[in-house]
Amino acid sequence: MRRAEFVREVDRWSKPDGPFDAALLTAYDGAESFPGAACAVLDRWGLPAYYVPAQYGGRLARFDEMHALLRKVASEDVTVAVAHGKTFLGAASVWVSGDDGAAAQLARHVMAGEAVAWGLTEPDRGSDLLAGELTATRDASGWCLSGRKWPVNNATRGRFVCVLARTDPGGGARGFSVFLVDKQAASSGSVRHLPKMPTHGIRGADISGVEFRDTHVPADALIGTVGGGLELVLKALQLTRMACAALSLGAGDHALRLARRFLSERRLHGRPFADLPHARGVAGRAVARLLLAEAVSYAAARAAHEVPEELSVVSAITKALVPTLIQGQLRLVGELLGARGFLTGVEGYGGFAKIERDHQIVSIFDGSTWVNRSALASSLPILRPGRRPATAAGRPVHEWLRQDADLTPVDPLRLGVMARGNTVLNSLNDSVARLAADPRGGADHLATRLVDAFGEVGADIARLRPVAGPLPTATMRLAERYEWCFAGAAALALWGANPKHHDRHVWREALWLRGCLALVLEGLGAPAPEAPGVFDELGRLLLSDEGTHVSLFGTSSEVSA
(Lines give C-alpha, C1' and ligand atoms only; values in the text may rest on other atoms or scores of the structure.)
Protein backbone atom coordinates (compact mmCIF):
# COMPACT_ATOMS: atom_id res chain seq x y z
CA MET A 1 0.00 0.00 0.00
CA ARG A 2 2.47 2.59 -1.23
CA ARG A 3 0.10 5.54 -1.03
CA ALA A 4 -0.78 4.84 2.60
CA GLU A 5 2.93 4.51 3.36
CA PHE A 6 3.65 7.80 1.61
CA VAL A 7 0.90 9.63 3.49
CA ARG A 8 2.31 8.40 6.79
CA GLU A 9 5.82 9.44 5.83
CA VAL A 10 4.82 12.94 4.75
CA ASP A 11 2.86 13.36 7.96
CA ARG A 12 5.93 12.26 9.90
CA TRP A 13 8.19 14.63 7.96
CA SER A 14 5.75 17.46 8.76
CA LYS A 15 6.32 17.25 12.50
CA PRO A 16 8.48 19.91 14.23
CA ASP A 17 12.09 19.86 13.03
CA GLY A 18 11.21 17.56 10.12
CA PRO A 19 11.99 18.51 6.51
CA PHE A 20 8.31 19.39 5.94
CA ASP A 21 7.97 21.35 9.19
CA ALA A 22 5.72 24.31 8.32
CA ALA A 23 7.94 26.73 10.24
CA LEU A 24 11.00 25.58 8.29
CA LEU A 25 9.27 25.84 4.92
CA THR A 26 7.91 29.27 5.81
CA ALA A 27 11.45 30.36 6.66
CA TYR A 28 12.67 29.07 3.28
CA ASP A 29 9.86 31.05 1.65
CA GLY A 30 10.81 34.24 3.48
CA ALA A 31 14.45 33.84 2.48
CA GLU A 32 13.50 32.80 -1.08
CA SER A 33 15.59 29.65 -0.54
CA PHE A 34 15.06 26.33 -2.27
CA PRO A 35 13.41 23.67 -0.02
CA GLY A 36 16.23 21.23 -0.60
CA ALA A 37 15.71 19.05 2.50
CA ALA A 38 12.07 18.37 1.63
CA CYS A 39 12.92 17.49 -1.97
CA ALA A 40 15.74 15.22 -0.78
CA VAL A 41 13.46 13.07 1.38
CA LEU A 42 11.04 12.74 -1.53
CA ASP A 43 13.95 11.49 -3.64
CA ARG A 44 14.96 8.99 -0.97
CA TRP A 45 11.42 7.67 -0.66
CA GLY A 46 11.34 7.08 -4.42
CA LEU A 47 8.83 9.65 -5.69
CA PRO A 48 10.82 10.30 -8.90
CA ALA A 49 10.00 6.75 -10.02
CA TYR A 50 6.34 7.81 -10.26
CA TYR A 51 7.31 10.40 -12.87
CA VAL A 52 8.68 7.65 -15.14
CA PRO A 53 6.35 5.43 -17.23
CA ALA A 54 6.38 1.76 -16.28
CA GLN A 55 7.61 0.71 -19.73
CA TYR A 56 10.87 2.54 -19.00
CA GLY A 57 11.37 0.99 -15.58
CA GLY A 58 9.42 3.49 -13.48
CA ARG A 59 6.27 3.16 -11.37
CA LEU A 60 4.02 5.43 -13.44
CA ALA A 61 1.33 3.00 -14.55
CA ARG A 62 -1.71 5.13 -13.63
CA PHE A 63 -1.95 8.90 -13.71
CA ASP A 64 -4.48 9.03 -10.88
CA GLU A 65 -1.92 7.35 -8.61
CA MET A 66 0.87 9.79 -9.46
CA HIS A 67 -1.54 12.69 -8.98
CA ALA A 68 -2.54 11.38 -5.55
CA LEU A 69 1.08 11.42 -4.39
CA LEU A 70 1.76 14.88 -5.76
CA ARG A 71 -1.48 16.12 -4.19
CA LYS A 72 -0.30 14.91 -0.79
CA VAL A 73 2.95 16.84 -1.16
CA ALA A 74 1.07 19.97 -2.22
CA SER A 75 -1.29 19.61 0.74
CA GLU A 76 1.73 20.31 2.95
CA ASP A 77 3.54 22.80 0.74
CA VAL A 78 2.79 23.84 -2.83
CA THR A 79 6.33 25.16 -3.35
CA VAL A 80 7.84 21.74 -2.63
CA ALA A 81 5.35 20.04 -4.95
CA VAL A 82 6.17 22.52 -7.72
CA ALA A 83 9.93 22.22 -7.20
CA HIS A 84 9.91 18.41 -7.18
CA GLY A 85 7.06 17.62 -9.58
CA LYS A 86 8.51 19.86 -12.26
CA THR A 87 10.71 16.94 -13.33
CA PHE A 88 7.63 15.13 -14.66
CA LEU A 89 6.69 18.23 -16.63
CA GLY A 90 10.22 18.57 -17.99
CA ALA A 91 10.42 14.93 -19.06
CA ALA A 92 6.92 14.63 -20.54
CA SER A 93 8.01 15.57 -24.06
CA VAL A 94 10.41 12.65 -24.05
CA TRP A 95 7.78 10.23 -22.73
CA VAL A 96 5.28 11.09 -25.49
CA SER A 97 7.83 11.19 -28.32
CA GLY A 98 7.94 7.46 -28.95
CA ASP A 99 11.76 7.67 -28.83
CA ASP A 100 12.38 4.63 -26.64
CA GLY A 101 16.15 5.07 -26.56
CA ALA A 102 16.04 8.63 -25.28
CA ALA A 103 13.20 7.78 -22.89
CA ALA A 104 15.04 4.82 -21.37
CA GLN A 105 18.20 6.85 -20.89
CA LEU A 106 16.37 9.79 -19.29
CA ALA A 107 14.37 7.42 -17.08
CA ARG A 108 17.54 6.19 -15.41
CA HIS A 109 18.59 9.75 -14.58
CA VAL A 110 15.15 10.74 -13.26
CA MET A 111 14.94 7.71 -10.98
CA ALA A 112 18.40 8.58 -9.69
CA GLY A 113 17.01 11.94 -8.56
CA GLU A 114 18.23 14.17 -11.39
CA ALA A 115 15.91 17.14 -12.00
CA VAL A 116 14.61 17.96 -15.48
CA ALA A 117 13.49 21.46 -16.54
CA TRP A 118 11.23 22.42 -19.43
CA GLY A 119 12.56 25.32 -21.49
CA LEU A 120 9.55 26.69 -23.35
CA THR A 121 9.21 30.37 -22.50
CA GLU A 122 11.54 33.19 -23.47
CA PRO A 123 11.94 36.76 -22.22
CA ASP A 124 9.17 39.09 -23.46
CA ARG A 125 7.49 36.30 -25.44
CA GLY A 126 4.73 35.37 -23.00
CA SER A 127 2.93 32.14 -23.90
CA ASP A 128 3.45 32.51 -27.67
CA LEU A 129 5.61 29.48 -28.43
CA LEU A 130 5.83 30.39 -32.12
CA ALA A 131 7.61 33.61 -31.16
CA GLY A 132 10.56 31.74 -29.66
CA GLU A 133 13.96 32.87 -30.97
CA LEU A 134 16.30 30.30 -29.43
CA THR A 135 17.80 28.56 -32.45
CA ALA A 136 19.22 25.13 -33.18
CA THR A 137 21.40 24.80 -36.26
CA ARG A 138 23.10 21.70 -37.58
CA ASP A 139 26.85 21.36 -37.20
CA ALA A 140 29.31 18.64 -38.10
CA SER A 141 28.20 16.12 -35.47
CA GLY A 142 24.92 17.38 -34.11
CA TRP A 143 23.33 20.72 -33.32
CA CYS A 144 24.34 24.12 -32.00
CA LEU A 145 21.93 25.92 -29.65
CA SER A 146 21.93 29.69 -29.16
CA GLY A 147 19.49 31.78 -27.16
CA ARG A 148 17.72 32.11 -23.82
CA LYS A 149 14.91 30.36 -21.99
CA TRP A 150 13.43 32.33 -19.10
CA PRO A 151 11.60 32.06 -16.76
CA VAL A 152 11.96 28.30 -16.31
CA ASN A 153 11.31 26.20 -13.20
CA ASN A 154 14.48 24.32 -12.13
CA ALA A 155 16.51 25.99 -14.88
CA THR A 156 19.53 26.31 -12.60
CA ARG A 157 19.17 23.21 -10.41
CA GLY A 158 18.10 20.85 -13.17
CA ARG A 159 20.83 18.86 -14.85
CA PHE A 160 18.66 18.32 -17.90
CA VAL A 161 16.49 20.78 -19.78
CA CYS A 162 14.05 19.91 -22.55
CA VAL A 163 14.28 22.85 -24.97
CA LEU A 164 11.93 23.99 -27.70
CA ALA A 165 14.19 25.51 -30.36
CA ARG A 166 13.67 27.16 -33.76
CA THR A 167 15.15 24.89 -36.42
CA ASP A 168 13.67 26.74 -39.41
CA PRO A 169 14.55 30.45 -39.60
CA GLY A 170 11.03 31.10 -40.85
CA GLY A 171 9.47 29.51 -37.81
CA GLY A 172 5.87 28.44 -38.16
CA ALA A 173 4.10 25.31 -36.96
CA ARG A 174 6.79 23.03 -38.48
CA GLY A 175 9.70 25.30 -37.67
CA PHE A 176 10.51 24.13 -34.13
CA SER A 177 12.08 21.01 -32.64
CA VAL A 178 12.67 19.64 -29.14
CA PHE A 179 16.13 18.88 -27.74
CA LEU A 180 17.10 17.21 -24.47
CA VAL A 181 20.19 19.03 -23.22
CA ASP A 182 22.49 17.57 -20.56
CA LYS A 183 24.09 20.71 -19.14
CA GLN A 184 26.84 18.70 -17.48
CA ALA A 185 27.96 17.43 -20.88
CA ALA A 186 28.14 20.91 -22.44
CA SER A 187 31.51 22.51 -23.01
CA SER A 188 32.69 24.95 -20.35
CA GLY A 189 31.22 28.42 -20.71
CA SER A 190 28.63 27.47 -23.33
CA VAL A 191 25.77 27.33 -20.81
CA ARG A 192 25.06 30.27 -18.51
CA HIS A 193 22.41 30.38 -15.81
CA LEU A 194 20.21 33.45 -15.65
CA PRO A 195 19.23 34.99 -12.29
CA LYS A 196 16.34 33.73 -10.22
CA MET A 197 13.14 35.63 -10.88
CA PRO A 198 11.47 37.21 -7.80
CA THR A 199 7.95 35.82 -7.58
CA HIS A 200 4.86 36.63 -5.52
CA GLY A 201 4.28 32.97 -4.65
CA ILE A 202 6.46 29.82 -4.62
CA ARG A 203 9.29 32.12 -3.57
CA GLY A 204 11.62 29.26 -2.75
CA ALA A 205 11.32 27.54 -6.14
CA ASP A 206 14.13 27.81 -8.68
CA ILE A 207 12.37 30.07 -11.18
CA SER A 208 15.38 31.18 -13.18
CA GLY A 209 16.69 30.80 -16.71
CA VAL A 210 19.38 29.40 -18.94
CA GLU A 211 21.34 30.85 -21.85
CA PHE A 212 22.95 28.73 -24.54
CA ARG A 213 26.01 30.23 -26.21
CA ASP A 214 26.74 28.18 -29.32
CA THR A 215 26.18 25.09 -27.18
CA HIS A 216 26.93 21.90 -29.06
CA VAL A 217 24.61 18.95 -28.44
CA PRO A 218 24.94 15.52 -30.11
CA ALA A 219 22.60 14.40 -32.85
CA ASP A 220 20.71 12.12 -30.49
CA ALA A 221 19.73 15.13 -28.36
CA LEU A 222 16.96 15.71 -30.88
CA ILE A 223 13.68 14.32 -29.51
CA GLY A 224 11.20 13.23 -32.13
CA THR A 225 11.55 14.68 -35.61
CA VAL A 226 12.95 17.92 -37.01
CA GLY A 227 10.01 20.30 -37.20
CA GLY A 228 7.85 18.20 -34.91
CA GLY A 229 8.59 20.16 -31.76
CA LEU A 230 5.40 22.16 -31.45
CA GLU A 231 3.20 19.09 -31.88
CA LEU A 232 5.33 17.21 -29.34
CA VAL A 233 5.00 20.03 -26.80
CA LEU A 234 1.25 20.28 -27.31
CA LYS A 235 0.88 16.56 -26.63
CA ALA A 236 3.11 16.72 -23.55
CA LEU A 237 1.05 19.62 -22.22
CA GLN A 238 -1.99 17.39 -22.22
CA LEU A 239 -0.35 15.27 -19.52
CA THR A 240 1.33 18.04 -17.57
CA ARG A 241 -1.80 20.19 -17.33
CA MET A 242 -3.53 17.38 -15.47
CA ALA A 243 -0.57 17.07 -13.12
CA CYS A 244 -1.00 20.77 -12.33
CA ALA A 245 -4.49 19.94 -11.06
CA ALA A 246 -2.89 17.88 -8.28
CA LEU A 247 -1.15 21.04 -7.06
CA SER A 248 -4.51 22.80 -6.82
CA LEU A 249 -6.16 19.92 -4.98
CA GLY A 250 -3.34 19.84 -2.44
CA ALA A 251 -3.72 23.55 -1.78
CA GLY A 252 -7.45 23.01 -1.34
CA ASP A 253 -6.87 20.19 1.15
CA HIS A 254 -4.61 22.42 3.25
CA ALA A 255 -7.09 25.29 3.19
CA LEU A 256 -9.95 23.07 4.34
CA ARG A 257 -7.88 21.85 7.28
CA LEU A 258 -7.42 25.46 8.37
CA ALA A 259 -11.11 26.24 7.88
CA ARG A 260 -12.16 23.23 9.95
CA ARG A 261 -9.80 24.15 12.75
CA PHE A 262 -10.92 27.76 12.76
CA LEU A 263 -14.63 26.93 12.81
CA SER A 264 -14.05 24.39 15.58
CA GLU A 265 -12.12 26.83 17.78
CA ARG A 266 -13.55 30.27 17.07
CA ARG A 267 -16.27 31.68 19.32
CA LEU A 268 -18.28 34.84 18.75
CA HIS A 269 -20.21 36.46 21.61
CA GLY A 270 -19.87 33.27 23.60
CA ARG A 271 -21.21 31.02 20.83
CA PRO A 272 -19.32 28.71 18.49
CA PHE A 273 -18.67 30.54 15.22
CA ALA A 274 -19.82 27.39 13.39
CA ASP A 275 -23.35 27.96 14.77
CA LEU A 276 -23.74 30.84 12.32
CA PRO A 277 -25.55 29.59 9.18
CA HIS A 278 -23.51 31.97 7.02
CA ALA A 279 -20.22 30.53 8.29
CA ARG A 280 -21.39 26.96 7.66
CA GLY A 281 -22.63 27.91 4.21
CA VAL A 282 -19.31 29.50 3.25
CA ALA A 283 -17.46 26.43 4.53
CA GLY A 284 -19.81 24.15 2.61
CA ARG A 285 -19.18 26.04 -0.62
CA ALA A 286 -15.45 25.63 -0.03
CA VAL A 287 -15.96 21.87 0.39
CA ALA A 288 -18.06 21.66 -2.77
CA ARG A 289 -15.46 23.50 -4.85
CA LEU A 290 -12.75 21.07 -3.74
CA LEU A 291 -14.91 18.00 -4.46
CA LEU A 292 -15.93 19.27 -7.89
CA ALA A 293 -12.29 19.98 -8.73
CA GLU A 294 -11.43 16.46 -7.57
CA ALA A 295 -14.15 14.91 -9.75
CA VAL A 296 -12.90 16.77 -12.84
CA SER A 297 -9.27 15.85 -12.12
CA TYR A 298 -10.11 12.20 -11.49
CA ALA A 299 -12.07 11.92 -14.73
CA ALA A 300 -9.26 13.61 -16.68
CA ALA A 301 -6.61 11.28 -15.25
CA ARG A 302 -8.68 8.25 -16.26
CA ALA A 303 -9.41 9.74 -19.69
CA ALA A 304 -5.67 9.79 -20.39
CA HIS A 305 -5.80 6.00 -20.34
CA GLU A 306 -9.12 5.36 -22.04
CA VAL A 307 -9.72 8.20 -24.52
CA PRO A 308 -6.31 9.85 -25.09
CA GLU A 309 -7.57 11.08 -28.47
CA GLU A 310 -9.78 13.51 -26.53
CA LEU A 311 -7.13 14.72 -24.12
CA SER A 312 -6.46 18.01 -25.92
CA VAL A 313 -9.95 19.11 -24.87
CA VAL A 314 -10.17 17.32 -21.53
CA SER A 315 -6.82 18.67 -20.33
CA ALA A 316 -7.68 22.22 -21.44
CA ILE A 317 -10.94 22.06 -19.48
CA THR A 318 -9.16 20.65 -16.45
CA LYS A 319 -6.40 23.26 -16.48
CA ALA A 320 -8.82 26.14 -16.97
CA LEU A 321 -11.41 25.04 -14.41
CA VAL A 322 -9.63 23.26 -11.56
CA PRO A 323 -7.26 26.09 -10.51
CA THR A 324 -10.19 28.51 -10.86
CA LEU A 325 -12.34 26.36 -8.56
CA ILE A 326 -9.60 26.16 -5.94
CA GLN A 327 -8.71 29.84 -6.13
CA GLY A 328 -12.36 30.54 -5.41
CA GLN A 329 -12.24 28.07 -2.54
CA LEU A 330 -9.23 29.87 -1.07
CA ARG A 331 -11.12 33.16 -1.21
CA LEU A 332 -13.96 31.56 0.74
CA VAL A 333 -11.60 30.20 3.39
CA GLY A 334 -9.92 33.60 3.59
CA GLU A 335 -13.34 35.14 4.19
CA LEU A 336 -13.82 32.79 7.13
CA LEU A 337 -10.37 33.37 8.60
CA GLY A 338 -10.57 37.14 8.36
CA ALA A 339 -7.45 38.79 9.77
CA ARG A 340 -5.89 35.41 10.51
CA GLY A 341 -5.64 34.88 6.77
CA PHE A 342 -3.18 37.77 6.47
CA LEU A 343 -1.07 37.30 9.59
CA THR A 344 2.20 35.38 9.70
CA GLY A 345 3.69 33.64 12.68
CA VAL A 346 0.26 32.79 14.11
CA GLU A 347 0.39 29.16 15.18
CA GLY A 348 -1.93 27.07 13.06
CA TYR A 349 -3.02 29.89 10.72
CA GLY A 350 0.07 31.84 9.75
CA GLY A 351 0.61 29.76 6.63
CA PHE A 352 -2.67 30.56 4.87
CA ALA A 353 -1.29 33.63 3.12
CA LYS A 354 1.53 31.47 1.75
CA ILE A 355 -0.92 28.86 0.42
CA GLU A 356 -2.97 31.54 -1.30
CA ARG A 357 0.13 33.17 -2.83
CA ASP A 358 1.65 29.87 -3.91
CA HIS A 359 -1.51 28.64 -5.58
CA GLN A 360 -1.94 31.71 -7.78
CA ILE A 361 0.95 30.55 -9.94
CA VAL A 362 -0.78 27.24 -10.78
CA SER A 363 -3.26 28.96 -13.08
CA ILE A 364 -0.30 30.23 -15.13
CA PHE A 365 1.67 26.98 -15.40
CA ASP A 366 1.51 25.12 -18.71
CA GLY A 367 -0.80 27.63 -20.32
CA SER A 368 -2.85 30.18 -18.41
CA THR A 369 -6.58 29.88 -17.83
CA TRP A 370 -7.14 32.21 -20.79
CA VAL A 371 -4.84 30.18 -23.07
CA ASN A 372 -6.58 26.91 -22.24
CA ARG A 373 -10.06 28.38 -22.47
CA SER A 374 -9.32 29.95 -25.83
CA ALA A 375 -8.05 26.59 -27.12
CA LEU A 376 -11.31 25.02 -25.99
CA ALA A 377 -13.33 27.86 -27.53
CA SER A 378 -11.65 27.25 -30.88
CA SER A 379 -12.70 23.59 -30.70
CA LEU A 380 -16.34 24.15 -29.80
CA PRO A 381 -17.77 23.82 -33.35
CA ILE A 382 -16.15 20.39 -33.65
CA LEU A 383 -17.47 19.40 -30.20
CA ARG A 384 -21.04 20.53 -30.89
CA PRO A 385 -23.52 18.17 -29.21
CA GLY A 386 -25.21 15.99 -31.79
CA ARG A 387 -22.20 15.63 -34.07
CA ARG A 388 -21.22 12.04 -34.69
CA PRO A 389 -18.33 11.30 -32.28
CA ALA A 390 -15.03 10.72 -34.07
CA THR A 391 -13.43 8.75 -31.24
CA ALA A 392 -13.60 4.99 -31.67
CA ALA A 393 -16.12 3.42 -29.30
CA GLY A 394 -14.50 2.00 -26.19
CA ARG A 395 -15.63 1.03 -22.74
CA PRO A 396 -18.49 3.07 -21.29
CA VAL A 397 -17.44 5.89 -18.99
CA HIS A 398 -19.07 4.32 -15.95
CA GLU A 399 -16.77 1.30 -16.33
CA TRP A 400 -13.44 3.12 -16.37
CA LEU A 401 -14.44 5.60 -13.66
CA ARG A 402 -14.89 2.80 -11.13
CA GLN A 403 -12.33 3.23 -8.38
CA ASP A 404 -11.19 -0.39 -8.78
CA ALA A 405 -11.21 -0.41 -12.60
CA ASP A 406 -8.30 -1.90 -14.52
CA LEU A 407 -7.21 0.86 -16.87
CA THR A 408 -5.89 0.59 -20.40
CA PRO A 409 -2.14 1.33 -20.46
CA VAL A 410 -1.42 4.85 -21.69
CA ASP A 411 -0.47 4.94 -25.36
CA PRO A 412 1.22 8.27 -26.20
CA LEU A 413 0.86 7.51 -29.91
CA ARG A 414 -2.92 7.91 -29.52
CA LEU A 415 -2.57 11.51 -28.36
CA GLY A 416 -3.66 14.14 -30.87
CA VAL A 417 -3.72 17.90 -31.09
CA MET A 418 -7.40 18.32 -32.03
CA ALA A 419 -10.03 16.25 -30.26
CA ARG A 420 -13.23 15.51 -32.16
CA GLY A 421 -15.32 14.19 -29.31
CA ASN A 422 -15.96 14.38 -25.58
CA THR A 423 -16.92 11.01 -24.20
CA VAL A 424 -17.45 12.20 -20.63
CA LEU A 425 -19.85 14.96 -21.63
CA ASN A 426 -21.57 12.74 -24.17
CA SER A 427 -22.34 10.33 -21.31
CA LEU A 428 -24.49 12.93 -19.53
CA ASN A 429 -27.87 11.52 -20.51
CA ASP A 430 -26.85 7.98 -19.61
CA SER A 431 -25.56 9.15 -16.22
CA VAL A 432 -28.79 11.01 -15.52
CA ALA A 433 -30.80 7.92 -16.42
CA ARG A 434 -28.73 5.85 -13.99
CA LEU A 435 -29.29 8.41 -11.27
CA ALA A 436 -33.05 8.42 -11.91
CA ALA A 437 -33.10 4.66 -11.23
CA ASP A 438 -31.54 5.26 -7.79
CA PRO A 439 -32.26 8.87 -6.75
CA ARG A 440 -30.64 10.13 -3.58
CA GLY A 441 -31.41 13.35 -1.74
CA GLY A 442 -32.93 15.08 -4.75
CA ALA A 443 -29.80 14.90 -6.89
CA ASP A 444 -31.93 13.72 -9.83
CA HIS A 445 -33.73 17.08 -9.96
CA LEU A 446 -30.42 18.95 -10.09
CA ALA A 447 -29.19 16.60 -12.82
CA THR A 448 -32.28 17.26 -14.93
CA ARG A 449 -31.62 21.01 -14.72
CA LEU A 450 -28.06 20.36 -15.89
CA VAL A 451 -29.34 18.50 -18.95
CA ASP A 452 -31.53 21.49 -19.81
CA ALA A 453 -28.63 23.89 -19.35
CA PHE A 454 -26.37 21.78 -21.54
CA GLY A 455 -29.06 21.85 -24.21
CA GLU A 456 -28.85 25.63 -24.20
CA VAL A 457 -25.06 25.48 -24.44
CA GLY A 458 -25.35 23.13 -27.40
CA ALA A 459 -27.78 25.45 -29.15
CA ASP A 460 -25.42 28.38 -28.65
CA ILE A 461 -22.50 26.35 -30.04
CA ALA A 462 -24.58 25.54 -33.13
CA ARG A 463 -25.01 29.27 -33.75
CA LEU A 464 -21.27 29.99 -33.70
CA ARG A 465 -19.82 31.40 -36.89
CA PRO A 466 -16.13 31.70 -37.85
CA VAL A 467 -14.51 35.02 -37.01
CA ALA A 468 -11.17 36.56 -37.91
CA GLY A 469 -8.80 37.66 -35.18
CA PRO A 470 -9.23 37.18 -31.44
CA LEU A 471 -12.20 35.20 -30.22
CA PRO A 472 -15.18 37.30 -29.08
CA THR A 473 -15.90 37.57 -25.37
CA ALA A 474 -19.20 35.75 -25.92
CA THR A 475 -17.38 32.75 -27.36
CA MET A 476 -14.98 32.66 -24.42
CA ARG A 477 -17.92 32.75 -22.02
CA LEU A 478 -19.55 29.93 -23.97
CA ALA A 479 -16.38 27.89 -23.53
CA GLU A 480 -16.56 28.52 -19.78
CA ARG A 481 -20.16 27.28 -19.72
CA TYR A 482 -19.02 24.19 -21.61
CA GLU A 483 -16.41 23.61 -18.88
CA TRP A 484 -19.11 23.73 -16.21
CA CYS A 485 -21.19 21.20 -18.17
CA PHE A 486 -18.18 18.89 -18.40
CA ALA A 487 -17.65 19.20 -14.65
CA GLY A 488 -21.25 18.25 -13.95
CA ALA A 489 -21.09 15.32 -16.36
CA ALA A 490 -17.86 14.09 -14.74
CA ALA A 491 -19.44 14.24 -11.28
CA LEU A 492 -22.55 12.37 -12.42
CA ALA A 493 -20.53 9.70 -14.23
CA LEU A 494 -18.29 9.24 -11.21
CA TRP A 495 -21.31 8.81 -8.95
CA GLY A 496 -22.89 6.22 -11.23
CA ALA A 497 -19.63 4.31 -11.60
CA ASN A 498 -19.15 3.72 -7.86
CA PRO A 499 -22.37 2.42 -6.27
CA LYS A 500 -20.48 0.59 -3.53
CA HIS A 501 -19.54 3.99 -2.08
CA HIS A 502 -23.07 5.38 -1.99
CA ASP A 503 -23.57 4.75 1.72
CA ARG A 504 -20.14 5.96 2.83
CA HIS A 505 -18.99 9.28 4.25
CA VAL A 506 -19.60 12.21 1.89
CA TRP A 507 -21.41 9.93 -0.59
CA ARG A 508 -24.43 9.36 1.70
CA GLU A 509 -27.63 10.83 0.26
CA ALA A 510 -25.54 11.95 -2.71
CA LEU A 511 -24.27 14.84 -0.60
CA TRP A 512 -21.09 15.54 -2.54
CA LEU A 513 -22.92 15.11 -5.86
CA ARG A 514 -25.65 17.55 -4.85
CA GLY A 515 -23.05 20.08 -3.76
CA CYS A 516 -21.16 19.75 -7.03
CA LEU A 517 -24.29 20.02 -9.17
CA ALA A 518 -25.43 23.06 -7.22
CA LEU A 519 -22.09 24.73 -7.98
CA VAL A 520 -22.28 23.76 -11.64
CA LEU A 521 -25.77 25.21 -12.03
CA GLU A 522 -24.63 28.46 -10.43
CA GLY A 523 -21.73 28.58 -12.87
CA LEU A 524 -24.21 28.11 -15.72
CA GLY A 525 -26.37 30.96 -14.45
CA ALA A 526 -29.19 28.66 -13.30
CA PRO A 527 -28.82 28.53 -9.49
CA ALA A 528 -30.85 25.88 -7.68
CA PRO A 529 -33.16 27.01 -4.83
CA GLU A 530 -31.93 24.10 -2.68
CA ALA A 531 -28.27 25.14 -2.94
CA PRO A 532 -28.05 26.95 0.43
CA GLY A 533 -29.33 23.87 2.22
CA VAL A 534 -26.85 21.62 0.43
CA PHE A 535 -23.92 23.88 1.31
CA ASP A 536 -25.07 23.97 4.93
CA GLU A 537 -25.00 20.16 4.97
CA LEU A 538 -21.49 20.15 3.57
CA GLY A 539 -20.41 22.71 6.16
CA ARG A 540 -21.77 20.49 8.93
CA LEU A 541 -19.92 17.52 7.45
CA LEU A 542 -16.64 19.46 7.52
CA LEU A 543 -17.13 20.00 11.24
CA SER A 544 -18.04 16.38 11.96
CA ASP A 545 -15.65 13.54 12.81
CA GLU A 546 -15.71 12.64 9.10
CA GLY A 547 -14.46 16.10 8.13
CA THR A 548 -10.82 15.53 9.05
CA HIS A 549 -10.07 14.64 5.42
CA VAL A 550 -12.66 15.60 2.81
CA SER A 551 -12.15 13.67 -0.40
CA LEU A 552 -14.20 11.48 -2.70
CA PHE A 553 -12.15 8.39 -1.98
CA GLY A 554 -10.41 9.39 1.25
CA THR A 555 -6.89 8.06 1.74
CA SER A 556 -7.66 4.40 1.11
CA SER A 557 -6.60 4.19 -2.52
CA GLU A 558 -3.51 2.13 -3.12
CA VAL A 559 -0.53 2.93 -5.29
CA SER A 560 1.09 0.13 -7.21
CA ALA A 561 4.10 -1.45 -5.53
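Me: How far from the sulfur of cysteine 244 is the closest cysteine sulfur, the one in cysteine 162?
Reply: This is a predicted model, in which local features need pLDDT of at least 70, side-chain atom pairs count only at pLDDT 80 or more, and totals for chains, interfaces and linings use all residues. Residues are numbered from 1 along each chain as its sequence is written, and side-chain values use heavy atoms, with hydrogens and water left out. The two sulfurs are too far apart for a bond, because the distance from cysteine 244 to cysteine 162 is 16 Å.

Me: Is cysteine 244 buried or exposed?
Reply: The relative accessible area of cysteine 244 is 1%. Because the class called buried takes in residues under 20% (exposed means over 50%, partly exposed in between, with a 1.4 Å probe and protein chains only), cysteine 244 is buried.

Me: Which cysteine has the sulfur closest to that of cysteine 485?
Reply: Cysteine 485 also counts as buried, at 1% relative accessibility. Its sulfur is 15 Å from the closest cysteine sulfur, which is too far for a bond, and that partner sulfur belongs to cysteine 516.

Me: How many disulfides does the structure hold?
Reply: A disulfide is a pair of cysteine sulfur atoms within 2.5 Å. For cysteine 244 the closest cysteine sulfur is 16 Å away, and for cysteine 485 it is 15 Å away. Across the structure, the number of disulfides is 0.

Me: In which strand is threonine 215 found, and which residues does it contact?
Reply: Threonine 215 counts as buried because its relative accessibility is 0%, and the strand that holds it, spanning residues 207-218, is β7. Strands here are DSSP runs (E, at least two residues), numbered from the N terminus. With neighbours within four places in sequence left aside, the residues in contact with threonine 215 (heavy atoms within 4.5 Å) are Trp143, Cys144, Leu145, Ala186, Ser190 and Val191.

Me: How many of the 7 residues of strand β5 are buried?
Reply: Strand β5 spans residues 176-182 and is mostly covered. Of its 7 residues, the number that are buried is 6.

Me: Which residue of β5 stands opposite phenylalanine 160, and which residue of β8 stands opposite phenylalanine 179?
Reply: Strand β4 (residues 160-166) runs antiparallel to β5 and is joined to it by 7 bridges, while β5 and strand β8 (residues 222-223) pair in the antiparallel sense over 2 bridges, pairing being counted when DSSP finds at least two bridges. Opposite phenylalanine 160 stands a residue of β5, aspartate 182. Opposite phenylalanine 179 stands a residue of β8, leucine 222.

Terms used:
Helix = DSSP H or I, 4+ residues; strand = E, 2+ residues; numbered from the N terminus.
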